[in-house]
Amino acid sequence: MGISEKFTLKDKVALVTGASYGIGYAIASGFADMGAKIVFCDIKQEFVDKGLAAYSADGIDAKGYVCDVTDEAAVQEMVKKIEAEVGVIDILVNNAGIIKRIPMCDMTAEEFRQVIDVDLNAPFIVSKAVIPSMIKKGAGKIINICSMMSELGRETVSAYAAAKGGLKMLTRNICSEYGEYNIQCNGIGPGYIATPQTAPLREKQPDGSRHPFDQFIISKTPAARWGNPEDLQGPAAFLASEASDFVNGHILYVDGGILAYI
Ligand code: NDP
């Protein structure tokens, strides 16, 4: 097989969590462009409906499910439905995530737990649900959406950094435990990407000047810009394709160079 033939996702079933919009949507759309069948989930019917409308407008025949990825029973049920209605999941992207920007000592234990639940426990729950069928099939790709906070600490993101650092180690562990079954588990660490999650950091100041964080990002990123969700498409497609079959347990930072610079 020539290398160009390995860069296809033709007829692969890809589940992307939290993919009604933002980074998940862009990754799923990129997979569809490479021939994959797209399945996504979101926590609210309203967002699934919006996602379905957006995929359809882009000419993508996606299937959407309402599922809270922190609920193990609901995830098991969704995965069974996907296997019956679409097929065995070849590619899983654990993308759903939340962030709470609160100084650590002002954060309640419940708020801390909520972040850990969505950003770390859920990738465990969803991966656990899809791996048995991947083992039977003899192949599988899991991509965990990590963060630069998998490497760094920063004010107000203690829970997020703890969860994303944990997700990096879960990625390595899945690689170690299931690599022998031809399952590759890698992470993508996006830099600062312009999505609804980061919109508050780009809000103009009352005097019309840039938000200080926005200024910081522009000045510290060698690419001198925020990333777009589409910047994640190529790296995700590579990690989902056979072209990356010997890449396992790694985190690919897609950050315009900022991690190398700060
Ligand atoms: P968004 O908030 O825009 O999208 C995340 C999606 O996950 C939303 O649709 C959200 O739904 C959904 N979601 C949240 N909780 C659950 C749940 N329990 N079950 C199912 N779905 C859920 O985030 P981004 O697109 O910005 O980020 C995507 C991923 O990338 C996240 O893991 C994030 O941490 C990571 N990331 C983002 C960066 C950025 O700069 N934007 C940088 C580094 C990492 P709802 O809107 O209803 O909450």
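This is a predicted model: local features need pLDDT of at least 70, side-chain atom pairs count only at pLDDT 80 or more; totals for chains, interfaces and linings use all residues.

Reader: Okay, and what follows α3?

Author: The helix α3 is followed by Gly-59, whose phi is positive, near 75 degrees.

Reader: Let's switch to α8. Why is it described as largely enclosed by the rest of the structure?

Author: Helix α8 covers residues 233-240, and six of its eight residues are buried, so α8 is largely enclosed by the rest of the structure. The buried ones are Gln-233, Pro-235, Ala-236, Ala-237, Leu-239 and Ala-240.

Reader: What covers those buried residues of α8?

Author: The cover over the buried residues of α8 includes the helix α2 (22-33) and the strands β1 (13-17), β4 (91-94), β5 (140-145), β6 (183-190) and β7 (251-254).

Reader: Now the ligand. How many residues surround it, and which are the closest?

Author: The ligand is surrounded by 29 residues, and the closest of them are Gly-18, Gly-22, Gly-97, Thr-195 and Gln-197. The elements that give two or more residues to this shell are α2 and β2, and α2 gives the most, with three residues.

Reader: How does that shell around the ligand divide into nonpolar, polar and charged?

Author: The residues of the shell divide into 14 nonpolar, twelve polar and three charged.

Reader: Back to α2, then. Ser-29, buried or exposed?

Author: Ser-29, which has its place in helix α2, is buried, with 21 other C-beta atoms within 10 Å. Not counting residues up to four places away in sequence, Ser-29 touches Asp-58 and Ile-60.

Reader: What about the core? Which residues touch the most other members?

Author: The largest nonpolar core has 67 residues, and Ala-14, Ala-28 and Phe-31 touch the most other members. Helix α5 (residues 109-137) supplies the largest share of this core, nine residues. In soluble globular proteins, nonpolar side chains tend to be buried together.

Reader: Which residues does Phe-31 touch?

Author: Leaving aside residues up to four places away in sequence, Phe-31 touches Leu-9, Ala-14, Ala-36, Ile-38, Ile-91, Ala-237 and Ala-240. Ala-237 and Ala-240 are also among the buried residues of α8.

Reader: Last one. Where does Lys-220 lie, and what does Lys-220 touch?

Author: Lys-220 lies in helix α7 (residues 212-220), and with 15 C-beta neighbours inside 10 Å it counts as partly exposed. Lys-220 touches Ile-258, Tyr-261 and Ile-262, not counting residues up to four places away in sequence. Lys-220 and Gly-257 are 37 residues apart in sequence, and from C-alpha to C-alpha they are 8.8 Å apart in space.

Methods:
Residues are numbered from 1 along each chain as its sequence is written. A residue is buried if 20 or more other C-beta atoms lie within 10 Å of its own, exposed if 12 or fewer, and partly exposed in between; C-beta atoms are placed from the backbone. Helices (H or I, at least four residues) and strands (E, at least two) are DSSP runs, numbered from the N terminus. Two residues are in contact if their C-beta atoms, placed from the backbone, lie within 7 Å. A residue is near a molecule or strand if its C-beta atom, placed from the backbone, lies within 6 Å of it. Ala, Val, Leu, Ile, Met, Phe, Trp, Tyr, Cys and Pro count as nonpolar, Asp, Glu, Lys and Arg as charged, and the others, Gly among them, as polar. A nonpolar core is a set of buried Ala, Val, Leu, Ile, Met, Phe, Trp, Tyr and Cys residues joined through C-beta atoms within 7 Å.
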